[in-house]
Amino acid sequence: MTQFSPASELSKLKTSKTKPLYPLPARFYGCQLITLLVLAGLFTWLSRDETLDRMLTGYWFDAASQHFPLQQNALLDLLNHRLAKYLIIAVAAVTLLYGAFRRNAQLVTAALLMGLGTAVVGVLKAVSHHSCPWDLVEYGGEALSYPLFDSAPLGSGPGRCFPGGHASSGFMVMGLFFAFWRERPRLAWGLVAAGVVLGLVMGYGQVMRGAHFFSHNLWAGWWVWFSQVVAYGLISIWFAKE
């Protein structure tokens, strides 16, 4: 004799395709905390020492003409500053829409975390008094530079150049880690590596133009990953209580 499932059971079957968020183990957050603290110490030293920043930026600066020859380079601006950023934004948008369509909370959250990372860097950049290399006196500009965490001098210029906003567009790919960690951990960590590479490459393109020091891009990656890890931890805990 055929048996029919109650309506309550059928409703459960209909929603079984929904992929909920999953919590990450405490060990993961402990490892990330240690890693982020170590990197913060290293990046602070590099920012205050400035040797690496000056060396890399000086390579692309023409002292004779007092400008960066690649500052207005059309190809570099098109490929690195525009197309690369737009493609990654498109990936985030497609991930969000596909995740919503498939009712996959993991993909939706990962896409939102991608946007969060760049937003955090954008806010920090907007309130920063550090000016870009092409604005500084030593590179043909009029603004005064100063080490990280020192008081801003009166002539610090237009500011709004720390951390590296463009590099954060590449680093934001790391947010996809949270969509795949449980089911495909190798892919998840591969996406973190891809985000790091993209962020560094896109950031270095800005170094070549005189738009950022290299340490600006390192800090962009730090803030993107920090914000993504913290946000995912809070969101997954909140959903676990539901």
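**View 1. Asn104 and the backbone of Gln106.** A polar atom of the Asn104 side chain lies 2.9 Å from the backbone nitrogen of Gln106. The model is predicted, so local features need pLDDT of at least 70 and side-chain atom pairs count only at pLDDT 80 or more, while totals for chains, interfaces and linings use all residues. Residues are numbered from 1 along each chain as its sequence is written, and side-chain values use heavy atoms, with hydrogens and water left out. Asn104 is found in the loop between helix H4 (74-101) and helix H5 (105-126); helices are DSSP runs of H or I of at least four residues, numbered from the N terminus. Asn104 counts as buried because its relative accessibility is 10%, buried meaning under 20% relative accessible area with a 1.4 Å probe and protein chains only. Leaving aside residues up to four places away in sequence, Asn104 touches Lys19 and Gly99 (heavy atoms within 4.5 Å).

**View 2. The aromatic pair Phe43 and Trp219.** The rings of Phe43 and Trp219 are 5.8 Å apart centre to centre, with 75 degrees between the planes, an edge-to-face pair. Rings of Phe, Tyr and Trp (its six-membered ring) pair if their centres lie within 6.5 Å, and planes over 60 degrees apart count as edge-to-face. Phe43 sits in helix H2 (residues 26-49) and Trp219 in helix H9 (residues 214-240), so that the pair links parts of the chain 176 residues apart. Both Phe43 and Trp219 are buried.

**View 3. An aromatic cluster.** Ring pairs join Tyr22, Phe28, Tyr29, Phe177, Phe178, Trp181, Trp189, Trp225 and Tyr232 into a cluster. The structure's count of aromatic pairs is 22.

**View 4. The largest cavity.** About 160 Å³ of space lies in the largest cavity. On a 1 Å grid over the protein atoms alone, a cavity is a set of points where a 1.4 Å probe fits but cannot get out, and lining residues have an atom within 4 Å of a point. Points are joined across faces, edges and corners, and a volume is the space filled by probe spheres set on them. The lining has 16 residues, with Glu50, His130, Tyr146, Phe213 and His216 closest to the centre.

**View 5. The second largest pocket.** This pocket holds about 220 Å³ of space; a pocket is an open set with protein on both sides within 12 Å along at least five of seven lines. Of its 14 lining residues, Leu39, Met174, Val196, Gly221 and Trp222 lie nearest the centre. H2 supplies the largest share of the lining, five residues.

Conventions
Rings of Phe, Tyr and Trp (its six-membered ring) pair if their centres lie within 6.5 Å; planes under 30 degrees apart count as stacked, over 60 as edge-to-face and the rest as tilted. Helices (H or I, at least four residues) and strands (E, at least two) are DSSP runs, numbered from the N terminus. Buried means under 20% relative accessible area, exposed over 50%, partly exposed in between (1.4 Å probe, protein chains only). A polar contact is a pair of N or O atoms within 3.5 Å; within protein, one must be able to donate a hydrogen and the other to accept it, and residues adjacent in sequence count only if both atoms are side-chain atoms.
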